[in-house]
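This report describes a protein model in terms of its fold, its nonpolar cores and its aromatic side chains. The sequence and structure are shown first.

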Amino acid sequence: MRRSGEAVGTVFALVGSIGLGCAIAIARIAYEEGANGLSIAFPRAWLLVILLLGFCELTGRRLTMSFKSWLACLFPGLLLSHMFYGNIAAAEFIPAAVAALLFFIFPPLVTIINAAVDRRPPSPMKLGATLIAFAGLAVMLGVSLNDLDWRGVALGLSAGVFCSINITWVSRKLSHIDPVVSMTHMALVAAVCLTGATLFFGGVPLPSGGAGWAAMLGAAAMQASCIPLFYIVLPIIGPERMGILSNIQPVATILVAYLALGEALRPMQFLGAMMILGGILLMQYAAKRERPAIAPAPSPEPEAGIPEMLSGSPTLENAQRRA
């Protein structure tokens, strides 16, 4: 059951990464017709809230939680508001592929933060897998930072840093809460923050043509539907493996940018993609080897897996009551 849950969790993480990668490339079409990052981030945030509220209603999840737990959701919700904006807005100022690479500072940061908090250095294999995947991104995208708009660089890097903190916080501070419920509260905080930003700037610019509208709505819909997948699978596959699996996102960005925007793929980009996939496989192998050595003592209650999380199982309700 545990292996089956981890396999489904891996698929969910890959689907979410591919969807987010496609959204970054598609957003460029909206920007070319007059939209900006807030034009996508604002509707995406509220669409995500609506989807999550509907899912909670359909699956019988209760959104009530203690004030202490809500405060634990507030901080990652604030981080999420900038992740929503910064990741997609970076592509407004710099190429989509470059924006994807800058955001992907977060996988190695997740490994470093977890190692620092646990006061336990990552194993050589995990460290090697992280470095290989990140080096593969650099090789694949062939980025030179000398000619880039500093605004796009700052947005992409800061979104990546916030993402690494968010992932670590959620996995450690909110593990006792149904991830769909905690994500709903965080998404609501992010949506309120982005609404405030929209009002402050006097609204958002809209695309001038049909292609721009389709790209804006498509990017918002893809990101709103893919982001919850990460929070659903986070307790199943862990933050480090999820970070590595997410490296498929810039691969999707490159492919969609080639198909939709005509950006040519060079041989070095294919080499980088293979390095990323190699890093993903190596991290999974390392996690499989290390699990018996660090596995916790058996619990009298069954461990929740993907099916239980999607159905609002008694296991999760028991965990919430214990918290």
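## Basis of the values

The model is predicted; local features need pLDDT of at least 70, side-chain atom pairs count only at pLDDT 80 or more, and totals for chains, interfaces and linings use all residues. Residues are numbered from 1 along each chain as its sequence is written, and side-chain values use heavy atoms, with hydrogens and water left out.

## Overall fold

The protein contains 14 helices and zero strands. Both kinds of element are DSSP runs, numbered from the N terminus: helices are H or I runs of at least four residues, and strands are E runs of at least two.

Of its 323 residues, 50% count as buried. Here buried means under 20% relative accessible area, exposed means over 50%, and partly exposed lies in between, for a 1.4 Å probe and protein chains only. Among contacts (heavy atoms within 4.5 Å) in the protein with a separation of 6 or more, 90% are accounted for by residues 24 or more positions apart.

## Nonpolar cores

A nonpolar core is a set of buried Ala, Val, Leu, Ile, Met, Phe, Trp, Tyr and Cys residues joined through side-chain atoms within 4.5 Å. The largest one has 50 residues, and Leu80, Phe84, Met183, Met186 and Tyr231 have the most contacts inside it. Helix α9 (residues 210-237) supplies the largest share of this core, ten residues. Apart from it lies another core, of 23 residues, including Tyr31, Ala91, Val153 and Leu155.

When neighbours within four places in sequence are set aside, Met183 is in contact with Leu48, Leu52, Leu80, Ile227 and Tyr231.

## Helix α7 and Asn166

Helix α7 (residues 150-173) holds Asn166. The helix has 24 residues and reaches 34 Å from its first C-alpha to its last, close to the 34 Å expected at 1.5 Å a residue; the expected span is 1.5 Å times one less than the number of residues. Its buried residues include Gly152, Val153, Ala159, Cys163, Asn166 and Val170.

Asn166 has a relative accessible area of 0% and therefore counts as buried. Not counting residues up to four places away in sequence, Asn166 touches Pro76, Leu79, Leu80, Met83, Met186 and Tyr231.

## Aromatic rings

Three aromatic pairs are found in a search of the whole structure. Rings of Phe, Tyr and Trp (its six-membered ring) pair if their centres lie within 6.5 Å; planes under 30 degrees apart count as stacked, over 60 as edge-to-face and the rest as tilted. Phe67 and Trp70 form a stacked pair, at 6.3 Å centre to centre and 20 degrees between the planes. Both residues lie in helix α3 (residues 67-93), three residues apart, about one turn of the helix. Phe67 is exposed, at 61% relative accessible area, whereas Trp70 is partly exposed, at 31%.

The ring centres of Phe200 and Phe201 are 5.1 Å apart with planes at 90 degrees, so this pair is edge-to-face. Phe200 and Phe201 are both exposed.

## Cysteines

With a disulfide defined as a pair of cysteine sulfur atoms within 2.5 Å, the count is zero. Cys73 is buried, with a relative accessible area of 1%, while Cys193 is partly exposed, at 30%.
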